[in-house]
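Please look over the sequence and the structure shown below. The paragraphs that follow then lead through its side-chain contacts, one group at a time.

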Amino acid sequence: AILNDAYIAVTEIFNAEGVIEVRHLTLMERVQQIGGWFRQRRMERRIEELRKEARRKELTERRAARKRLQEQQRRLKHMSLLSIPSDSKNGRRVVPAKNAMQAELVGNAPEECEEPSAMLLRDAIFGELL
């Protein structure tokens, strides 16, 4: 009795869904569908290749920019260490002044001021960063 009830329920559900009609394709239509599928896959692969190439190019540019920045910072650090004289008594660095008036304000003697050529070189390097 249980199997009979289950069979009746399944047949009613199956009959309620109706018959699914599948359109049979001709050989030419099948070939066209398969060709379209291959074209789509080829296009998707090409898009992925282009994206990978663009990402690779962007990362290369970022690395080059980062290296340039690090090199500039290293050069500036080196230049600033060379251009700032140190006080021989206690090893403190003397604040460089651009002119004698600034030197008096800072407390450096006018002879400890940077030379104009060193100032121009430093300004050229700092101007390059900005």
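A helix, as the word is used here, is a DSSP run of H or I with at least four residues, and helices are numbered from the N terminus. The model itself is predicted. R46 and E49 both belong to helix α2, where three residues, about one turn of the helix, separate them. Their side chains meet in a salt bridge, with 3.5 Å from N to O. R46 is partly exposed at 45% relative accessibility, and E49 is partly exposed at 45%.

Helix α2 also holds R51 and E48, again three residues apart, about one turn of the helix. The closest N and O atoms of their salt bridge are 3.2 Å apart. R51 has a relative accessible area of 47% and is partly exposed; E48, at 35%, is partly exposed as well.

Side chains of opposite charge can pair when their charged atoms come close. The structure has five salt bridges, and one of them joins R23 to E29 at 3.0 Å, N to O. R23 is exposed because its relative accessible area of 59% lies over 50%, whereas E29 is partly exposed at 24%.

The aromatic side chains come next. The structure holds one aromatic pair. The ring centres of W37 and F38 are 5.0 Å apart and the planes stand at 65°, so this pair is edge-to-face. F38 lies in helix α2, which spans residues 27–83. W37 is partly exposed, with 47% relative accessible area, and F38 is partly exposed, with 44%. Together with I34, W37 and F38 form a nonpolar patch on the surface, with about 330 Å² of accessible area together.

Terms used:
Residues are numbered from 1 along each chain as its sequence is written. This is a predicted model: local features need pLDDT of at least 70, side-chain atom pairs count only at pLDDT 80 or more; totals for chains, interfaces and linings use all residues. Side-chain values use heavy atoms; hydrogens and water are left out. Rings of Phe, Tyr and Trp (its six-membered ring) pair if their centres lie within 6.5 Å; planes under 30 degrees apart count as stacked, over 60 as edge-to-face and the rest as tilted. Buried means under 20% relative accessible area, exposed over 50%, partly exposed in between (1.4 Å probe, protein chains only). Patches are made of residues with over 30% relative accessible area and no salt bridge: like charges are joined within 9 Å, nonpolar side chains (Val, Leu, Ile, Met, Phe, Trp, Tyr) within 5 Å. Accessible areas come from the Shrake-Rupley method with a 1.4 Å probe; for residues, only the protein chains shown count as cover. A salt bridge is a side-chain nitrogen of Lys or Arg within 4 Å of a carboxyl oxygen of Asp or Glu. Helices (H or I, at least four residues) and strands (E, at least two) are DSSP runs, numbered from the N terminus.
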